[in-house]
Amino acid sequence: MKSRAAKSEVIAAAGALLLLPLTGCGSAEAGSGSTVTVTVGYQSKTINTVTAGTLLRSLGYFEKELNALGDGKTYKVDWQDYATGAPITAQMTAGKIDIGSMGDFPLLINAARGKQLGKPTHLVSVTGYNLRGGLNTIVTAPDSKLASIEDLKGKKISTSIGSAADGTLVRALQRAGIDPDKGIEKLNQQPAVGASALSAGSADALSQFVAWPGLLAYQGKAKALYDGAQLDLPTFHGVTAREDFAKKRPAVLEAFLKAQSEATDYIDTHPVAAAEKVAEATGLPAEVVYLYNGAHGISTFDPAVKPQLVSALKEDVSILKAAKLTGDVDVDSFVDDQYVKKALGSSYAEQLATSPAPAASEVWPKDATETRTFKSPAELLTYVAQHKDGIRAAYVPDATTGTLWFADKAVWVADGETLLPFVAPATAQAYVDAHGGARIITYADALGRVS
């Protein structure tokens with residue numbers, strides 16, 4: 001989206017920042033004598049990067065790995081929090097950030113800008129990913145009559161141009177036969193601005209990355225129109241490092257990647273505790289964090305640079321070129337997994353072969369430190385019906401894409417005795433059209449059928 005978002009940041013909104021003259025080109029690796037400061041740029045609320053940002057910082061694993069280097073130096077980590085990837089790229093090319101994390105489209109901007117300025121950067125590991133593209137979602141207002149991507153023709157749609165969420169919008173419109181430039185009125189807005197525009201009625205739909213769609217749905221401020229996983233194209237976030245820093249301090253970069261791997265182990269073995277930690281640090285509801293980062297959530301975490309993600313990155317270049325945000329990007333020269341291979345050693349091959357957790361229905365009971373997993377959505381509904389006052393959150397996977405969604409926000413279909421959840425109304429209707437006797441029902445009706 002486990003496929004853990006988004007994950008994707010606004011590029012064009014901060015494009016002007018990237019074009020500003022670069023001043024103060026001193027290295028981020030500050031300090032004198034035996035003290036070295038390592039500067040890490042991250043995005044606390046882009047929760048598909050938490051193993052290289054929010055959660056990693058909370059756990060203190062990077063500092064621990066640095067202290068264990070035993071090279072006679074004292075290390076200090078300067079964590080710098082940003083809302084998007086663009087300013088991280090600007091600071092990296094200015095020599096002020098050593099290591100950064102951002103989404104796939106911003107990573108391409110990072111690669112292009114670094115090469116342009118003679119300050120090359122490299123993708124050194126992956127954070128959260130979804131192999132089908134479920135980290136990006138198009139949502140509408142709760143009372144909207146729009147029911148499919150085709151209904152967006154001629155409408156006002158808010159997105160962040162140059163982000164992976166914009167890429168999802170462009171591709172979805174193209175598949176629907178709608179010109180993404182002329183067939184809609186695109187509003188280039190940061191996520192928070194777009195959310196406000198949707199609530200105010202000045203935007204008909206919002207295409208955004210993790211965690212905005214899930215957050216707005218959870219708050220009752222939006223409903224899903226299009227599940228990015230319908231595209232069946234991978235989306236991911238990754239870690240980028242300055243080439244000069246990596247060459248000068250390879251042991252420090254490897255320490256970061258070891259710490260990232262430890263944070264990944266933590267999120268895999270303590271998903272509820274991890275969600276609570278991220279929620280505390282970001283102010284996001286833990287229930288929303290778990291939707292993306294939970295045991296069967298939309299996002300999967302492991303640091304390995306998988307070939308299918310690199311292939312997806314190459315396909316993304318055309319979207320950015322069409323938006324005139326980059327020219328050609330040499331993805332193969334941008335990707336450099338030598339440091340993560342060394343950091344993880346023999347486990348790297350195993351992580352490279354890791355697959356996302358299978359889709360499953362989960363309930364997070366109130367006051368519980370663990371969730372409960374069910375074999376089917378119907379079993380989950382039965383449990384929810386019997387414990388209505390004891391449920392913190394209930395999650396179900398889309399019957400066709402596997403994208404996890406809140407059970408009470410899903411579109412439910414009854415096909416005989418079978419109850420099937422869908423993220424978006426169009427996919428639910430497509431199932432109904434293909435299965436005689438199947439029909440869309442309300443969540444209350446679905447609960448009633450198992451009571």
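Strand 16 and strand 17 (residues 418–422) run antiparallel and are joined by 5 bridges, where two strands are said to pair if DSSP finds at least two bridges between them. The model is a predicted one, in which local features need pLDDT of at least 70 and side-chain atom pairs count only at pLDDT 80 or more, while totals for chains, interfaces and linings use all residues. Residues are numbered from 1 along each chain as its sequence is written, and side-chain values use heavy atoms, with hydrogens and water left out.

**The chain as a whole**

- The protein chain has 19 helices and 18 strands, these being DSSP runs numbered from the N terminus (helices: H or I, at least four residues; strands: E, at least two).
- The radius of gyration of the protein chain is 22 Å, which agrees with the value near 22 Å that a compact globule of 451 residues would have; the radius is taken over C-alpha atoms, and the globule rule is 2.2 Å times the number of residues to the power 0.38.
- Taken along the principal axes, the box filled by the C-alpha atoms of the protein chain is roughly 75 × 50 × 35 Å.

**Surface and burial**

- Among the 451 residues of the protein chain, 59% count as buried, a term that means under 20% relative accessible area, against over 50% for exposed and in between for partly exposed (1.4 Å probe, protein chains only).
- Carbon and sulfur atoms account for 49% of the accessible surface of the protein chain, which comes to about 17,100 Å²; accessible areas come from the Shrake-Rupley method with a 1.4 Å probe, and for residues only the protein chains shown count as cover.

- Strand 16 (residues 411–415) is mostly covered, since 4 of its 5 residues are buried.
- With strand 17 it forms a hairpin that has 2 residues between the strands, and G416 in the turn has a positive phi of about 65°.
- The bridge partner of W412 in strand 17 is P421.
- Strand 16 also pairs with strand 18 (residues 439–441) in the antiparallel sense over 3 bridges, and V413 stands opposite I440 in strand 18.

**Y339 and its surroundings**

- Y339 is found in helix 15 (residues 338–344) and is buried, because its relative accessible area is 9%.
- Leaving aside residues up to four places away in sequence, Y339 touches V124, A246, K247, P250, L253, E254 and L257, where contact means heavy atoms within 4.5 Å.
- Y339 and A255 are 84 residues apart in sequence, and their C-alpha atoms are 9.5 Å apart in space.
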